[in-house]
Amino acid sequence: MRKIRLGMIGGGEGAFIGAVHRHAAALDGQYELVCGAFSRDEGNNQRTADSLSIVPDRAYASWETMLETEAAKSEEERMQVVVIVTPNHLHVPISKAAIKHGFHVFCEKPAGANFAEVNELADILRASDRLYGLAHTYLGYPMVWQAKHMVEQGHIGTVRKIFVEYPQGWLSAPEEADNKQASWRTDPAQAGGSGCMGDIGTHAFSMAEFVTGHTVSHLCAQMNTVVEDRRLDDDGAAFLKTTEGATGVLIASQVCAGEENGLKIRVYGDKGGLEWQQMEPNSLIYRPVGAPYQVLRAGLGQPGLCEEAVSRCRIPGGHPEGYLEAMANLYTSFANAVRQGDKHTADGVPGIVYGQRGMAFIETMVASGASDTKWLPVPGEQQ
């Protein structure tokens, strides 16, 4: 099999997430990076292309030129998948154009800057034969799939309570002037209507719905901007209600000084509970009623793991797999779908419905936080 030809928009020199995507896509040998429009800064764009051995005529000055030029190439030469790692406000315009030019799309989250434009993108996607994947990286971890499996199989009984939290500390002080990542993530023109909730709250929300299989129907939010003169939220929390009858709490904050990347979920049913945290990703704690708690461990050959978890492990137990491997799982599943000729959604990869749910969550959080009517419905269907 030939490698799938990949193009990247964004992710130039100094951009954290672009390098992460390139490493993850390369991990299982399924892709070849053949072109890119890495930065609108000519020098940055060329240096990035040179460092990645991109031939000069496929280092494009703009994403518009890249899509048009690649679409004109022969089917055997042009890129097949475009990776979008730009600020949020460009996600939908580039995705729409890429789909119309005949390319599959793998996009950073959130799917866009507002709910309406993501719904328009969903309509365009469903009228096409293209695939769309969203980089909810934490849904690529083996033990997240193990947790989902155990909920589905009734190991904890009927889900009653969901606690999901995502504390970070990197925006505890004003960073916007000297940190490019902080600058655009706190700029409404580039990030959209939310800062913290758009950046990391969406990860917590998708994790809660993915693991439990529940649909969050209503939420009651508090949104905060802690750092003076910051233009978007940097902290917030919400009470949750699900269609299936569970309640929960979601917390996301980027001003928890000293915290690194503390995504954590706890789910409790009438027969037990489960706990997983991103900074210890190889372990899943299972607390059955009336028996000692157990720690299930990721890795090939580890007992008690479901097929979905094992298929996302690469090495024997005791050898840590982490963030890059989790994203690589998404990329490999996406590659399989491309080769199989699947349409719209790749099995095992968050798709456009996740994008719609994420934007519905963000906008409902913002509306609830600003309203005296605190409990508001979250529009849309389950992921």
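Which helix supplies the largest share of the lining of the largest pocket? That share, five residues, comes from α7.

This is a predicted model, in which local features need pLDDT of at least 70 and side-chain atom pairs count only at pLDDT 80 or more, while totals for chains, interfaces and linings use all residues. Residues are numbered from 1 along each chain as its sequence is written, and side-chain values use heavy atoms, with hydrogens and water left out.

**Pockets**

A pocket is, on a 1 Å grid over the protein atoms alone, an open set of points where a 1.4 Å probe fits, with protein on both sides within 12 Å along at least five of seven lines; lining residues have an atom within 4 Å of a point. Volume is the space filled by probe spheres set on the points, which are joined across faces, edges and corners. Ala, Val, Leu, Ile, Met, Phe, Trp, Tyr, Cys and Pro count as nonpolar, Asp, Glu, Lys and Arg as charged, and the others, Gly among them, as polar.

| Pocket | Volume | Lining residues by class |
|---|---|---|
| Largest | about 970 Å³ | 20 nonpolar, 22 polar, eight charged |

The largest pocket has a volume of about 970 Å³. It is lined by 50 residues, of which Ile-17, Val-85, Gln-181, Trp-184 and Arg-185 are the closest to its centre. At least two lining residues each are supplied by β1, α1 (16–27), α7 (180–185), α8 (188–191) and α9 (196–212). Helices (H or I, at least four residues) and strands (E, at least two) are DSSP runs, numbered from the N terminus.

Of its 15 lining residues, Ser-311, Arg-312, Ser-333, Asn-336 and Asp-347 are the closest to the centre. Helix α11 (residues 323–340) gives the largest share of this lining, six residues.

**Sheet and strand pairs**

Five strands make an open sheet with parallel pairing, in the order β2-β1-β3-β4-β5. Strands pair if DSSP finds at least two bridges between them. β2 (31–37) and β5 are at the edges with a single partner strand each, so one side of each has no neighbour in the sheet. From one strand to the next the twist averages 20°, with axes fitted as lines to C-alpha atoms and angles run from 0 to 180 degrees between N-to-C directions. β4 and β5 are joined in the parallel sense over three bridges, and Cys-107 lies opposite Leu-134 in β5.

Strand β9 (residues 247–253) pairs with strand β6 (residues 159–167) in the parallel sense over seven bridges; here Ile-162 is opposite Gly-248. Strand β8 (residues 235–242) pairs with β9 in the antiparallel sense over seven bridges, with Phe-239 opposite Val-249. The hairpin of β8 and β9 has four residues between the strands, and Gly-245 takes a positive phi near 105° in it.

**Buried elements**

Helix α4 (residues 91–100) has eight of its 10 residues buried, so the rest of the structure largely encloses it; buried means under 20% relative accessible area, exposed over 50%, and partly exposed in between (1.4 Å probe, protein chains only). The buried residues of α4 pack against β1 (4–10), α3 (63–72), β3 (81–85), β4 (104–107), α5 (115–126) and β5 (132–134).

His-21, in helix α1, is buried with a relative accessible area of 0%. Leaving out residues up to four places away in sequence, His-21 touches Met-8, Val-83, Val-85, Phe-106, Glu-108, Ala-135, Met-327 and Tyr-331, where contact means heavy atoms within 4.5 Å.
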